[in-house]
Amino acid sequence: MNRAGRLRRILNWHEDPRLIAWAATPLGRLALWAAAVLLLTPRLRLFALLVLSLMVLALVFPARRIELLALGSLAVAYNFLPQSARAGLLPKLGGMLLMFVVIALVFRAARDFRKLPRWAQHHPFLLLHAMLYGSLLLAHALPAERGTFLGALVTTYRHVVPFLVWRCSYVMLAGKRGSAAKSRFRDHFFYCLPIWGGTGTPIGKGYDYFRQTRADAPEELAAARLSGIKLLGLAWILMGFRELFFALVHGKASPGVTAFLGGWNLGLPTLGGAIAATGTRGWSTGTLWACLGIELISSTLRWAISGHFAVGIIRLFGFRAFRNTYRPLLATTLVDFWNRFYFYFKELLVEFFFFPTYLKAFKSRPRLRIFAATMAAAGAGNLYFHVMRDIRHLVFLMPPAEAASAAATRAFYSLLLGLGIFVSMLRERERRGKPSPPHGRWPALRRLRAIAGVWLFFSLLHIWGVAPLEFGFERRARFFCSLFGF
């Protein structure tokens, strides 16, 4: 075996057949639990005991993992309650019951999908989102007095709907496909309020995805759990690297890391800090360009760390879920980066925007068909997701002019992203079926040039997507112009 083969074997230690066979034994399962204790306890704090307890039971009773995860979702429901709703037992129970009712109603509609009115079957997601977001706007308009039962329910509803809306969309998608008809409530409850947490973007794509990736054979289970341990370990390594990276670049780190570096750092601002200081601080052009690359690395590390922890826990329970982030900084095309950077967000846009458009629009014109589907997903779908995520700020907390500027910023971001991915898809499509070009003398240099082009596009794109919303379109445009000395 050559050196590259040995290195590959070391890096993919979790795929070793002998290790997998040993991990399937009682002693191996105990070792997996011990490794999970070491990797999860410092990260999850109060939730560590719950996750590890459920994992022990799942190791002993793997066929009952759905029931165990659904049981854990009850604790998630309590943990999801805002502090104002925890003042008494009645508000706690009311808030948890409210979450339960929302998910149960969506599940009932999905299970009996063929019994819904025909117009509802034709537009299930439009109806679902209109009801959830419409009621959310109403909840934001209502006064939420602290200490009252109604105030606790309103506050809880404000918190839970943005988290549940796309998870409930996956429940309804299972209903549209017909797979929810024979499912149980707990089959959906556990991923609507998952113990691995997350944002408004579901990690894991709902009932059909978990059913397809579920491992049942002992060795398949062992392989999934070993890969979960590997992901948790990688998450800790990336956390350490991110801490060191921030210390070197920004001077922001724990006292131990700062002492290790002797207090030395580059003193560069974050991209958000540089945009905020546009016109007031005399940053050099080189510094501003450096901020772009640093922001791309930082955001990649952030999503990789959170995604590795979430997917690692999912794999510990025996589901062969894909990684959320997989080496996007090595991508040589825009569409490849988009697939690798935030996999489950990309999949959400594909499921609910790309495929519906692609299956219906411009069937006789392939190129226009791809353009329409891509802009529906990366463009309109991206815009819709983020505007509705921030609807409270845009409608209730920001002046109309600032809200319009923030929405225009996201629209411009989505337009650029959609156009970039479309062009990249066309180029990849044109290359298919053609012989590969000769490697020539400098293949590594050409690859680096392609990677640099991807970095440049997404670094510039981050100008229009970095938080906070209050930056608005005009300030971001001034920062963009300052990159070129204007």
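1. In this predicted model, the largest nonpolar core has 118 residues, and the members touching the most others are Leu 164, Leu 193, Ile 195, Trp 196, Phe 317 and Phe 479. Helix 9 supplies the largest share of this core, 14 residues. In soluble globular proteins, nonpolar side chains tend to be buried together.

2. Setting aside neighbours within four places in sequence, Leu 164 is in contact with Val 102, Ile 103, Cys 192 and Leu 193. A separate core of seven residues lies apart from the largest one, and its members include Phe 245, Ile 294, Ile 297 and Leu 301.

3. On helix packing: how do the axes of helix 8 and helix 9 cross? Helix 8 spans residues 124-141 and helix 9 spans residues 149-177; their axes come within 10 Å and cross at roughly 175°. Because of that angle, helix 8 is roughly antiparallel to helix 9, the cut-off being over 145 degrees.

4. On the helix 8 side are Pro 124, Phe 125, Leu 128, His 129, Leu 132, Tyr 133, Ser 135, Leu 136, Ala 139 and His 140. They meet Val 154, Tyr 157, Arg 158, Val 161, Pro 162, Val 165, Trp 166, Cys 168, Ser 169, Met 172, Leu 173 and Lys 176 in helix 9. By class, the residues of this contact are 16 nonpolar, four polar and two charged.

5. Helix 10, residues 185-192, is mostly covered, with six of its eight residues buried. Those six are Asp 187, His 188, Phe 189, Phe 190, Tyr 191 and Cys 192. What covers them includes helix 5 (65-80), helix 6 (89-111), helix 9 and helix 11 (207-213). Cys 192 of this buried set is also one of the contacts of Leu 164.

6. On cysteines: how many disulfides does the structure hold? There are zero. For Cys 291, the closest cysteine sulfur is that of Cys 481, 17 Å away, and this is too far for a bond, since a disulfide needs the two sulfur atoms within 2.5 Å. Cys 481 is likewise in no disulfide, the sulfur of Cys 291 being its nearest at 17 Å.

7. Is each of these two cysteines buried or partly exposed? Cys 291 is buried, with a relative accessible area of 0%. Cys 481, in contrast, counts as partly exposed at 36% relative accessibility.

Key:
Residues numbered from 1 in each chain as written. Predicted model: local features only at pLDDT ≥ 70, side-chain atom pairs only at ≥ 80, totals over all residues. Heavy atoms only, no water. Buried < 20%, exposed > 50% of the residue type's maximum accessible area, 1.4 Å probe, protein only. Axes fitted to C-alpha atoms, helices over the stretch in contact; angles between N-to-C directions. Helix = DSSP H or I, 4+ residues; strand = E, 2+ residues; numbered from the N terminus. Parallel < 35°, antiparallel > 145°, perpendicular 65-115°, else oblique. Contact = heavy atoms within 4.5 Å. Nonpolar A, V, L, I, M, F, W, Y, C, P; charged D, E, K, R; others polar. Core = buried A, V, L, I, M, F, W, Y, C linked by side-chain atoms within 4.5 Å.
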